[in-house]
Amino acid sequence: MKLYGHPGSTCTRKVLTTLAEKGREAEFVSIDLFKGQQKSPDYLAKHPFGVVPFLEDDGFTMYESRAIIRYLDAKLPGPKLTPGDAPSLGRMEQWISVEQSYFTSPCMTIVRELVFTPMRGGTPDMDKVFKARGETGKVLDVVDRALMSQAYLAGDTFSLADISWLPYLQYLSATPHGTLITERPFVKSWWQRISTRPSWKKVNG
Ligand SMILES: N[C@@H](CCC(=O)N[C@@H](CS)C(=O)NCC(=O)O)C(=O)O
């Protein structure tokens with residue numbers, strides 16, 4: 001199995017975490033996003049949208065991180081990361097959709113402005129940061145209420161939904177707006193639970 005990605009990429013990290021939960025390693029092919037290698041003709045021949053990750057598995061190839069993690073969980077032996085009962089499965093899918101639809105964009109706006117823009121010598125747009133902070137906080141309020149009565153997003157067990165939130169929360173936690181996580185008691189304890197898993201420590205380390 002070969003995974004094309006970038007070690008700092010949130011989408012690559014979801015796939016690496018899923019592999020680690022399954023106790024599986026893939027050959028890692030590093031794509032240099034800073035040099036634009038994802039837009040090279042060779043890579044575009046694999047991934048027509050020119051982003052990472054991209055998976056090759058014994059002649060079968062695919063892209064889109066959320067699809068890849070579902071594929072890996074279905075295919076690989078090891079602990080199941082998708083609940084077997086319909087309500088928990090529905091919850092898992094709901095939270096993966098919430099992450100993609102409402103959370104990732106404002107969360108990564110904060111990270112882009114406060115981490116990546118200064119790294120490139122630019123000045124953060126604080127209006128964007130404060131607007132995004134409000135939006136991110138509203139989503140985390142909803143998560144906080146849901147986690148009042150359960151340990152993980154899908155219910156009692158860790159699932160692909162938790163994996164899909166981990167990389168974004170990690171970046172957010174490294175900004176001054178990491179308080180968005182720590183000031184919500186149920187989000188805070190969930191974050192402690194999921195971010196200390198050996199799989200995430202391996203990927204984040
Ligand atoms: N929906 C895609 C998004 C992939 C994506 O945006 N990847 C980023 C890294 S996390 C990327 O390759 N960015 C480089 C670029 O946009 O050129 C997925 O989930 O795989």
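The crossing of helices α5 and α6 is left-handed, a crossing being left-handed if the near helix is turned anticlockwise from the far one by less than a right angle, and right-handed if clockwise. The structure is a predicted model, in which local features need pLDDT of at least 70 and side-chain atom pairs count only at pLDDT 80 or more, while totals for chains, interfaces and linings use all residues. Residues are numbered from 1 along each chain as its sequence is written, and side-chain values use heavy atoms, with hydrogens and water left out.

Helix α5 spans residues 126–147 and α6 residues 160–173; helices (H or I, at least four residues) and strands (E, at least two) are DSSP runs, numbered from the N terminus. The two pack at an angle of about 125 degrees, with their axes 14 Å apart. Axes are lines fitted to C-alpha atoms, for helices over the stretch in contact, and angles run from 0 to 180 degrees between N-to-C directions. Helices α5 and α6 are therefore oblique to each other, where angles under 35 degrees count as roughly parallel, over 145 as roughly antiparallel, 65 to 115 as roughly perpendicular and the rest as oblique. On α5 the contact (heavy atoms within 4.5 Å) is made by T136, V139, L140 and V143, and on α6 by W165, L169 and L172. Six of these residues are nonpolar, one is polar and none is charged; Ala, Val, Leu, Ile, Met, Phe, Trp, Tyr, Cys and Pro count as nonpolar, Asp, Glu, Lys and Arg as charged, and the others, Gly among them, as polar.

Helix α6 also packs against α1 (residues 10–21), at an angle of about 130 degrees and with the axes 9 Å apart. This angle makes α1 oblique to α6, and their crossing is right-handed. The contact involves T10, C11, R13, K14, T17, T18 and E21 of α1, together with L160, I163, S164, L166, P167, Y168, Q170 and Y171 of α6. By class, seven nonpolar, five polar and three charged residues take part in the contact of α1 with α6.

Helix α5 has a further partner in α8 (residues 185–195), the two packing at about 80 degrees with axes 7 Å apart. Helix α5 is thus roughly perpendicular to α8. From α5, L140, V143, D144 and L147 contribute to the contact, and from α8, P185, F186, V187 and W190. Seven of the residues in the contact of α5 with α8 are nonpolar, none is polar and one is charged.

Around the ligand there are 13 residues, of which Q38, K39, V52, E64 and S65 come nearest; a residue is near a molecule if one of its heavy atoms lies within 4 Å of it. A polar side-chain atom of E64 is 2.7 Å from a nitrogen atom of the ligand, and one of S65 is 2.6 Å from an oxygen atom of the ligand. In the side chain of R66, an N or O atom lies 3.5 Å from a ligand oxygen atom.

Two backbone features concern loops. Most residues other than glycine have a negative phi, and most peptide bonds are trans. The peptide bond from V52 to P53 is cis, with omega near 10 degrees, and P53 lies in the loop between α2 (41–44) and β3 (54–57). D58, although not a glycine, has a positive phi of about 50 degrees; D58 is located in the loop between β3 and β4 (60–63).

Notes: A polar contact is a pair of N or O atoms within 3.5 Å; within protein, one must be able to donate a hydrogen and the other to accept it, and residues adjacent in sequence count only if both atoms are side-chain atoms.
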